[in-house]
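Open the model in your viewer and keep the sequence beside it. The stops below are given in the order in which to select them.

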Amino acid sequence: LKGEKSAVAGAQTMEKLTEYKDATSYNNYYEFGTDKGDPVKNAGTLKTRPWTVEVEGLVKKPGKYGIDDLIKLSAQEERIYRLRCVEGWSMVIPWVGYSLAELIKRVEPHGNAKYVEFVTLADPKTMPFVGSRVLDWPYTEGLRMDEAMHPLTLLSFGMYGEVLPNQNGAPVRIVVPWKYGFKSAKSIVKIRFVEKEPGTAWNKAAAQEYGFYSNVNPDVDHPRWSQATERRIGDGSGLFAKRHKTLLFNGYEAQVGQLYAGMDLKKFY
Amino acid sequence: MNKLLLHPAAKPLVFVLCLLPFAWLAYGAFTDGLGANPAEHLIRSTGDWTLRFICIVLAVTPLRVMTRTNALARFRRMLGLFAYFYVVVHLLSYSLFDMGFDIPAIAKDIAKRPFILVGFTAFVLLTPLAATSFNRAIKALGAKRWQTLHKLVYGIAGLGLLHFFWMRAGKNNFAEVFVYAAIVATLLGWRVWNSARNRKAPRAVPTGRVQLSK
């Protein structure tokens with residue numbers, strides 16, 4: 001899956017790419033197991049065709065999109081984003097997709113649609129850990145409308161010039177580069193426009209640890225660890241790799257800072 | 001069995017076996033074989049092995065009594081010291097690879113994060129046990145006091161489990177924690193049951209005796 005170099009501001013970081021091998025074998029995708037080596041082992045069972053994404057809720061044009069129609073909805077772009085996991089590690093990944101805003105504009109949300117909720121696949125037949133009590137399935141995530149409309153918010157179908165590997169959220173996922181990785185829902189089956197802030201999987205599991213916003217922020221620690229620094233996966237020096245300083249909004253402050261003007265980021269973590 | 005355990009090669013063999021996980025990790029570290037996040041792998045694995053050795057050393061006495069293989073007691077000290085060895089490597093890995101040996105930052109981190117504080121406390125409590133594991137220390141303390149001191153290991157096992165539980169709590173992923181907890185509970189439960197039985201029928205089976213082996 002090829003994409004043209006994106007012209008969106010912030011979409012072309014010059015940092016060294018994480019190796020494909022690391023980006024596709026060190027994953028959090030709990031439907032396939034809680035160990036980071038599990039998804040690559042177990043996600044082979046995921047069936048990505050046929051696949052439909054249902055758009056519903058407060059929109060003028062709700063509908064069902066077959067995955068191949070959804071891919072063709074707008075021109076594919078390549079975007080090189082930093083990915084910061086809430087656990088304190090990070091990667092640099094070339095994603096392929098288009099701004100979620102392209103889809104949102106086409107379905108014409110009503111004025112009272114304030115949030116977008118993403119519902120992901122929870123199929124116990126193909127996902128061995130759905131049914132475990134780790135999370136409340138299906139995994140759901142959400143964004144405020146202005147976050148969802150931001151050009152950096154990507155509806156992604158591929159990475160490294162290929163279609164998404166199953167363990168990375170095939171066939172379609174969200175990538176929100178200024179938020180912790182878990183905000184970027186994988187294998188999406190429903191996009192719902194709602195008026196009230198939707199519940200999200202990790203917030204429901206541990207509200208004091210994972211807030212709705214979950215913007216990358218070095219000054220707001222996770223209750224059990226500091227978020228001031230991060231380990232860049234596979235940056236060459238192996239065991240002795242120096243930790244990097246974590247940047248506010250994962251370094252995308254110039255692009256997204258205004259979304260949170262006046263908000264107490266410690267309160268809305 | 002007793003004869004086999006008393007063989008002169010038995011202790012060196014067990015020593016090498018206990019060192020294998022460390023050797024395997026060290027080999028992985030030097031050959032880039034620890035996966036995408038080698039530091040995390042090293043820290044977690046050495047933590048796992050600490051817990052495993054605590055379980056192993058706690059199993060020595062129940063096994064010895066149940067199977068009447070007194071020679072097992074010869075290995076208890078070495079197994080306990082290996083638990084300490086792995087916790088030292090665990091702490092050093094965290095200090096070096098996570099914190100870059102920044103001592104003030106480490107002190108702050110320990111104070112701030114309850115699960116690290118609990119783990120660190122367990123390490124601190126295990127230190128006097130390791131330090132008094134040689135025969136002269138046992139003689140100097142007197143067997144009774146030595147034994148009382150070394151009963152600390154029951155509490156340390158609990159702290160180690162709590163440390164692990166808390167580490168996994170954020171991910172709601174307790175399956176492995178419960179396995180270790182069940183093992184420790186069984187081993188400690190056996191002690192309670194056994195001492196109650198001994199009180200009823202004294203001298204039935206000797207247990208918990210300090211073994212002064214050379």
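This is a predicted model: local features need pLDDT of at least 70, side-chain atom pairs count only at pLDDT 80 or more; totals for chains, interfaces and linings use all residues.

Ser226(A) has a relative accessibility of 31%, so it counts as partly exposed. The residue sits in the loop that runs between α6 (201-205) and β12 (229-232) of chain A. Show its surroundings: beyond the neighbours within four places in sequence, Ser226(A) is in contact with Asp221(A) and with Arg113(B). A polar atom of the Ser226(A) side chain lies 3.0 Å from the backbone nitrogen of Ala228(A). For a distance check, pick the C-alpha atoms of Ser226(A) and Leu247(A), which are 13 Å apart in space and 21 residues apart in sequence.

Now colour by chain and look at the interface. Here 21 residues of chain B are in contact with 24 residues of chain A. About 1900 Å² is buried between the two chains, with carbon and sulfur atoms giving 48% of that area. Four salt bridges cross the interface of chain B and chain A. To see one of them, select Asp98(B) and Arg231(A), whose side chains meet at 2.8 Å, N to O. Eight residue pairs across the interface are in polar contact. On the chain B side, α3 (38-67), α4 (76-98) and α9 (152-169) each supply at least two of the residues that touch chain A. Which of these helices gives the largest share? That is α3(B), with five residues. Sorted by class, the side of chain B that touches chain A has 11 nonpolar, four polar and six charged residues.

Stay on α3 of chain B and select Asp48(B) and Arg52(B). Their side chains form a salt bridge at 3.9 Å, N to O. The two residues are four apart in the helix, so about one helical turn separates them. Asp48(B) counts as buried because its relative accessibility is 17%, whereas Arg52(B), at 27%, counts as partly exposed.

Next, select helix α5 (residues 103-112) of chain B. Its buried residues are Ile106(B), Asp109(B) and Ile110(B). Turn to the face pointing away from the buried side to find the exposed residues Pro104(B), Lys108(B) and Ala111(B).

Return to chain A and select Asn27(A), in the loop between α1 (20-23) and α2 (38-42). Is Asn27(A) buried or exposed? With a relative accessibility of 6%, Asn27(A) counts as buried. Its contacts beyond four places in sequence are Asp35(A), Lys36(A), Pro39(A), Gln167(A) and Asn168(A). The Asn27(A) side chain also has a polar atom 3.0 Å from the backbone oxygen of Ala23(A), and it reaches the backbone nitrogen of Ser25(A) at 3.5 Å.

Finish with charged pairs in chain A. The structure holds 25 salt bridges over all chains. Arg144(A) and Asp146(A) form one, with their closest N and O atoms 2.8 Å apart. Arg144(A) counts as buried at 15% relative accessibility, while Asp146(A) counts as partly exposed at 31%. In another, Arg232(A) pairs with Glu230(A) at 3.6 Å between the closest N and O atoms, and both residues are buried.

Definitions and conventions:
Residues are numbered from 1 along each chain as its sequence is written. Chains are lettered from A and ligands numbered from 1 in the order in which they are written. Side-chain values use heavy atoms; hydrogens and water are left out. Contact means heavy atoms within 4.5 Å. Buried area is the accessible area (1.4 Å probe) that two parts lose on being put together, summed over both. A polar contact is a pair of N or O atoms within 3.5 Å; within protein, one must be able to donate a hydrogen and the other to accept it, and residues adjacent in sequence count only if both atoms are side-chain atoms. Ala, Val, Leu, Ile, Met, Phe, Trp, Tyr, Cys and Pro count as nonpolar, Asp, Glu, Lys and Arg as charged, and the others, Gly among them, as polar. Buried means under 20% relative accessible area, exposed over 50%, partly exposed in between (1.4 Å probe, protein chains only).
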